Structure formats: C-alpha cells, structure tokens
Amino acid sequence: QEFLAPCVIGVLDHHKDEKMYEDTCRFRRIETIGSTCSLIALQMLAEAPDLMTPEIATLLTSVILLDTSNLDPKVEKATPMDTKALAGLRKAGGVGADDYGKLYSKLMDMRMDISKLSSAQLLIKDTKYGIANG
C-alpha cells in the first residue's frame, strides 16, 4: 500500500499501529476500541459538527453496532468510547438507543442475504487471504 502514501494525510484506526504513512500524516489516532467509526464520529462531532447529518449519523451508528455486535458485553468489543460516540450520533439525529436491536438485526439479515449475488460475487465474498510460509 506504499503507493497510497502521498495521498494519506491522516490515520484513524482501532487496529495495531503498523507505523505506515508516518512521513505524510498530519494526524494519527489509533486506539483499541470496538469500531474505527467511533473515532470518526467523535472527531467529526468535535471538529465539524455541521457536516454531521442524520444520514451520516445513521451510517456511522450502523457500522459501530456491527463492529461491536450490538454492544453485546459477552463479545467484549464495545468500549466506553464507542458508547460515547453513539450518544453523540443520537444527538445529531441518528438512531435512538431503543432502536439499536432492530437496526442490528436488519443489518445482520442483510449481511447474510446472498440471494441477489452473482456466482462471481459469491466467490469474492468467500475469498480468504493469508500468507503461506511467510
């Protein structure tokens, strides 16, 4: 992914810092939380709240719920920062907490529905990547 380096101005992530793009990044925020979308939401709400529409709030909420298995404590992915992001997204016109379960169920149903995928798309969906002898 080095070819992207000149275009990368910042990194927000919830995975281990791989120290990529250090020469081009103006900001770097990497934290162990349930969803990178929580970092995006919090930064957007703090720095550009006027850009947060109900539609964007709903999209970010959807990904946070998927990444954290609907905040399920048994999965142990959700953090207080994810909860804080969801609260901010609710205030911005996103999904209410009472509707998280319904939204999560709908998203999971849609994720598992392969009825409209072509054979090629099914093969791509099932592709696994790895490094052998590396």
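Reply: Buried here is under 20% relative accessible area, exposed is over 50%, and partly exposed is in between, using a 1.4 Å probe and protein chains only. A quick word on provenance: this is a predicted model, where local features need pLDDT of at least 70, side-chain atom pairs count only at pLDDT 80 or more, and totals for chains, interfaces and linings use all residues. Residues are numbered from 1 along each chain as its sequence is written, and side-chain values use heavy atoms, with hydrogens and water left out.

So what covers those H2 residues? Contact, by the way, means heavy atoms within 4.5 Å. Helices are DSSP runs of H or I with at least four residues, strands are runs of E with at least two, and both are numbered from the N terminus.

As for geometry, H2 runs over residues 54–67, which makes 14 residues. From first C-alpha to last it reaches 20 Å, close to the 20 Å expected at 1.5 Å a residue; that expected span is 1.5 Å times one less than the number of residues.

Thr68 lies in the loop between H2 and H3, and it counts as buried because its relative accessible area is 0%. Setting aside neighbours within four places in sequence, Thr68 is in contact with Gly34, Lys77, Ala78 and Asp82. Ser69 also follows H2, and its phi is positive, near 50°.

Zooming out, the chain has 5 helices and 2 strands, arranged along the sequence as β-β-α-α-α-α-α. The C-alpha trace spans about 45 × 40 × 30 Å along its principal axes. Of the 134 residues, 28% count as buried. Among contacts between residues at least 6 apart in sequence, 48% join residues at least 24 apart.

One last thing, on cysteines: a search of the whole structure turns up 0 disulfides, a disulfide being a pair of cysteine sulfur atoms within 2.5 Å. Cys7 counts as exposed because its relative accessibility is 61%, whereas Cys37 counts as buried at 13%.
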